[in-house]
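Hello,

Here is the structure I promised to pass on. Please open it alongside this email, and my notes follow below.

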Amino acid sequence: MKERVRFAPSPTGPLHIGGLRTALFNYLYTKSRNGTFILRIEDTDRNRLVKNSDKYIEKALSWAGIIPDESPSLGGEYGPYMQSERISIYNEKIELLIAADKAYYAFDTDEELGRLRSEKEKKGLVFKYDYSTRCSLDNSLSMNGEDIDTRIKKDSFVIRLKVNSGKTISEDLLRGLVHFDNSVLDDKILVKTDGFPTYHFANIVDDHLMKITTVIRGEEWLPSLPLHGLIHEAFGWEKPNYIHLPLILKPYGKGKLSKRDGAKGGFPIFPLSWEKDEGFKEMGFLSSGMINYLALLGWNPGSDDEFFNLDDLIKLFNIKGLQKGGAKFDFEKAKWINQQHLLRLDFNEFEINFPERVIDLKNKYPSKCAEIFLLVRERLKLAGDFEKEIEFFLKDPADYDQKAINKLRSKNDVEVIIKEIEAVVEKNGVDRLKENLSTLSGNKNINFGSIMQLLRISLVGKLSGPDIVKVSVLIEKSLTLKRLANLKNHIKNNLS
RNA sequence: GGCCCGUUCGUCUAUCGGUUAGGACGUUAGGUUUUCAUCCUAGAAAGAGGGGUUCGACUCCCCUACGGGCUACCA
């Protein structure tokens, strides 16, 4: 049977990397089996809706290359894919459960339930709305038909699942059989007073109606698994397979990664920017690097290979490689993987991914961009490093590494050396510069390293950077001479 | 508190009863380079603890500890 999986986020904020990874594993699982990937937006909590976050989710998935086959914007055979547009379906289904005596109306007020909870709490106990308490509570199980009708018309109500005592055994493809005693379950609300279904109900109805074969979701749902099984059983529906993924944990300290950890740890938490928060993309991640890192967080291909793009991952993915324990997010490793991806790019590909980062360079060096990119490419961990690395191509050094100059001056007459370099460039240009400077070193008995360092400081302002001879060739003779003169002036002005 | 899941270097992980417990990030020391980066070489670094089962346990079972999740008219 063809696999059908779904990623079902709720639009209560931007998708974060945990959600992205869940989507990724869903995608890899189904695509490795030639199956279908469905995006369903679970917007049943009307209070926590965040405007545009559903659009953000689609955009972020699209950036990552995780393209749904069916989704709210694409549509599909089993739509609509936005739960708020499926209310009539849930209404119809809940009637079935009530008619079958699997669900019932409950009229208890928040205040009353709150009172019961705190009463129990005082005794160190926990109040549960379940088979042991439901008879003494305000619900349709304890009244006759006519009363129920009048209460429904008069009062607000919820609809609860009728969970009976017993044991429920659930299966997770990763973890095997998981046993639960129904006494830990309660009569979960299926439909809220506002008429919207709860997650549990809408989720099961939709998974069934959308013919989902395998549910892959975060481990936080594992305790709800027996409940979900019970809802399926109440309808008499066949259950899908379940896989509960280990969670992504904070890089330091305890707990699962939350949206606040990013700011604290200096790393993004969202794929794309959201309001004031920079995303991985804006920080200079390639989506392939992001995906590569996320895939390795809780999964491994069974080999020592670590470099993968999406297509590789689809070919290699197997649930045998899934991990059971949570994994801490490691930004250093994420950056290293991104670097490996950046390293395989040429200028055109870099421009496609980060067009805004190359505008100035393209304007100033329209024909040399590819060469300049190759010169600095191995120095990039993040695409954001690019602007820093090419800064000196765009403008003359604004200041100089004075400590380095002082050190050179303590051993050499730097002004004389600069003049000698100038003479060489003046006479021979910047082609064969290295050979010419080497000859200069021999003829005048000047330390070669000092010559190169002074050239570097004049062109770049500091002692680090790419091959300085190539830099000189790229900025050409006149600009090389100009910057040598600038440095000479700077040294003269700072002598006193 | 109750229930459920988990536990191999600092971190991500390999190992499917017999290995000098392997790789990667990070880190340390060298080398290459005009410098930094890249690259190369080498090093330090792990089976939570206790019981079993077994000729033999990181691997299977139990207990404890620790970590995580859930315990809403949130998902």
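This is a predicted model: local features need pLDDT of at least 70, side-chain atom pairs count only at pLDDT 80 or more; totals for chains, interfaces and linings use all residues.

Asp155 has 12 other C-beta atoms within 10 Å, and 12 or fewer counts as exposed, so Asp155 is exposed. You will find Asp155 in the loop between helix 5 (145-154) and strand 4 (158-161). Val50 lies 105 residues away from Asp155 along the chain. The C-alpha atoms of the two are separated by 30 Å.

- Asp101 has a phi near 65 degrees, which is positive in a residue other than glycine. The loop between helix 3 and strand 3 (103-106) holds Asp101. Asp101 counts as exposed, because it has 10 C-beta neighbours inside 10 Å.
- Arg432 also has a positive phi, near 55 degrees, and is not a glycine. Arg432 sits in the loop between helix 19 (414-428) and helix 20 (433-444). Inside 10 Å it has 13 C-beta neighbours, so Arg432 counts as partly exposed.
- Gly79 and Pro80 are joined by a cis peptide bond, with omega near -5 degrees. Pro80 belongs to the loop between helix 2 (53-64) and helix 3 (87-99).

Now the overall form of chain A. Chain A has 22 helices and 11 strands. Its radius of gyration is 32 Å, while the globule rule gives 23 Å for 496 residues. The value is well over the rule, so chain A is more spread out than a compact globule. The C-alpha trace spans about 110 × 50 × 35 Å along its principal axes. Of the 496 residues in chain A, 34% are buried.

The domain assignment lists four entries for chain A: domain 1 (85-245), domain 2 (261-344), domain 3 (348-386) and domain 4 (402-493). Taken over C-alpha atoms, the centres of domain 2 and domain 4 are separated by 42 Å.

Then go to the start of the chain. Strand 1 (residues 4-7) and strand 2 run parallel, joined by four bridges. Within this pair, Arg4 stands opposite Thr36 of strand 2. Between the two strands the chain passes through helix 1 (residues 17-31), and this β-α-β crossover is right-handed. Strand 2 (residues 36-39) is covered on both faces. Thr36 and Ile38 are buried on one side. Phe37 and Leu39 are buried on the other.

Last, the RNA. Helix 21 gives the most, with four residues. By class, this surface has 19 nonpolar, 18 polar and 21 charged residues.

If you have time for two stops only, I would pick these. One is helix 21, which gives the most to the surface near RNA strand B. The other is strand 2, with both faces covered.

Best wishes

Conventions: Residues are numbered from 1 along each chain as its sequence is written. Chains are lettered from A and ligands numbered from 1 in the order in which they are written. Ala, Val, Leu, Ile, Met, Phe, Trp, Tyr, Cys and Pro count as nonpolar, Asp, Glu, Lys and Arg as charged, and the others, Gly among them, as polar. Domain bounds come from an automatic or database domain assignment. A residue is buried if 20 or more other C-beta atoms lie within 10 Å of its own, exposed if 12 or fewer, and partly exposed in between; C-beta atoms are placed from the backbone. Two strands pair if DSSP finds at least two bridges between them. A crossover is right-handed if, with the strands pointing away from the viewer, the path from the first strand over the helix to the second runs clockwise. The radius of gyration is taken over C-alpha atoms; the globule rule is 2.2 Å times the number of residues to the power 0.38.
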